[in-house]
Amino acid sequence: MALKGNGQLLVKVRNQPFAVVFSATQPFAIPGYSLEPLSTALQTRPQFTAAVAADHWLLAKPATLADDLAPWDTAHAAASAHNYAHYVEPDILHERSTIPPGKLDHGLNGDWPPFVDATDGISPGWHLGANFTGFESVRGLATGKGVRIAHLDTGYTPGHASKPRNLRPGLGYDYWDKKKDPIDPGERGVLDQPGHGTATLALLAGNAMDLTFGLQHFKGDIGGAPDAEVIPIRISPSVVHVYTSTMARGLYDALGPSGDPDKPDPSNRCEVVSISHGGLPSQSWADAVNTLYDDGIVIVAASGDSYQLEVADLATHFTVYPSAFNRVLTAVGATFDKQPYATDKFGRMQGCWGPETVMEKAVAAYTPNVVWMKFDDCPAGFEMDGGGTSSSTPQVAAACALWLELFREQLPSDWTRVEACRLALFDSVDHTHPNKAQLGWGILSVPKMLDGGLATEIIAKAKSGQLDRSAQDSVSFPFWRLLMGIGPPQSDEERMYETEVAQVVLESDNMELRAAAAEAAAGSVFSAAEQAHYRSLLAQEEISSPLRKKIGLP
């Protein structure tokens, strides 16, 4: 599938005082484009000083937005005009194929457990129970009160009873339609999935509900962190597509949500970010992740969903971005019977997992067949076929909010807090069926995570400097380096080639090319003949002219 942009560019201007970037002598300009900060929230950070030279992300906007079918050519043209002194990437559409839901059996997806009789049913809140995540068991201890969560998704539905009781739409923003109050308009179209945000919000911090499925009844808070304050940030009309800029801006908004991107308010800073979206690697996303991590904000993101494609499966199930970044907690899936969310049924939807480095910071939560609120059936409509890692992600994010409610004040508001929370997750999971490759550290167990003794040990490690800082994130694609026999990029031109190749290969329909990238990530080495072969495969993709010249093929 060829990359497609909207004409906009994301520019990282290097080593310039912010006061100079928009002056008459601005160091970077593109004829026909206007420039603006990618996010003004960055200017609210204590370390920001307009007079000191630093790197700054800008959004370059053409007079008229239009589909750009050669987005990396546009980016290279802008960067080369400045001798590649600055980094430029296109604002591409991260578009993933829709996946058939599988066999629906009286509201449940019959391809997955629980396999129950339709009349018997199952509790709509089964995933909250003591034998699963255990959220119900800790209601008297923590409910997320006082913790603020940024929810990056498709928006919310005002009239649904599951809407979090502490939802703060006035502080949210719709980056997709560029307006205040990020209500999901519920518009249906090709690849659209309206109501996705409504359903994930309910799993994250949903209000008290009275639900019946078959003969089973559930009454209580349906969300993991029902008293958390939640900021809805709309970055897409659907889980299967998002622009680079809307994700990046949504991430930065967590630094100071206010309902107006031009007037960020750091007093509203979030402590957790929940993202049930994903796509291709982007340097602007990597830098946003680094910033939030340094400021003590925990990011939880879905590993993504895939098809089971037998021999091609390896090339399609790797974790999407931003979840794949080091400093993001990866949420994978575990089924009702505590097994990996993976199947051998051809063409069926399953989760994503891997490579090994990603699974070192991954945790599983329950999916599929969890409760899924229906945005178009208010006030209380729901189904029981909620699936994908979109469903497991808000469970993990909610657990982080509970931990922070109890223990954040004992830690500084920086990366140490993030690492402490991550360690609490990793050290408390359910190991009933250990499977590091597909379940990460294990399955979410909230009561164990909130154990006071465990927290005391972790906080002691933090205060004595025994917590390790996760490696800084950037776009790193071993396939490209092996292909060319080169090391890590040493210039912005090289960084642009690496990002372009990563995006092109991971979006490609050529399974041989994607499998080679998976092998490179696993540590394989290419022979000279393999290098030549894979360069020829890459040349068959719709790559930019500068990249085509770089690999030495027409």
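Start by selecting domain 1 (4-95) and domain 2 (104-464), bounds that come from an automatic or database domain assignment: 24 residues of domain 1 are in contact with 26 residues of domain 2, contact meaning heavy atoms within 4.5 Å. This is a predicted model, where local features need pLDDT of at least 70 and side-chain atom pairs count only at pLDDT 80 or more, while totals for chains, interfaces and linings use all residues. Residues are numbered from 1 along each chain as its sequence is written, and side-chain values use heavy atoms, leaving out hydrogens and water.

Next, colour Leu-38, Arg-45 and His-94: in domain 1 they lose the most area to domain 2, together 28% of what that side buries. Area here is accessible area (1.4 Å probe) lost on putting two parts together, summed over both.

Then move to domain 3 (478-551) and pick Val-501, found in helix H13. Helices are DSSP runs (H or I, at least four residues), numbered from the N terminus. Val-501 counts as buried because its relative accessibility is 0%; buried means under 20% relative accessible area, with a 1.4 Å probe and protein chains only. Around Val-501, beyond residues up to four places away in sequence, you will find Phe-477, Phe-479, Trp-480, Leu-538 and Leu-547 touching it.

Finish on helix H15 (residues 528-539), where the buried residues are Gln-531, Tyr-534, Leu-537, Leu-538 and Ala-539. Their cover includes helices H12 (478-484), H13 (492-507), H14 (511-521) and H16 (545-550).

Notes: Helix = DSSP H or I, 4+ residues; strand = E, 2+ residues; numbered from the N terminus. Expected span 1.5 Å × (residues − 1). Buried < 20%, exposed > 50% of the residue type's maximum accessible area, 1.4 Å probe, protein only.
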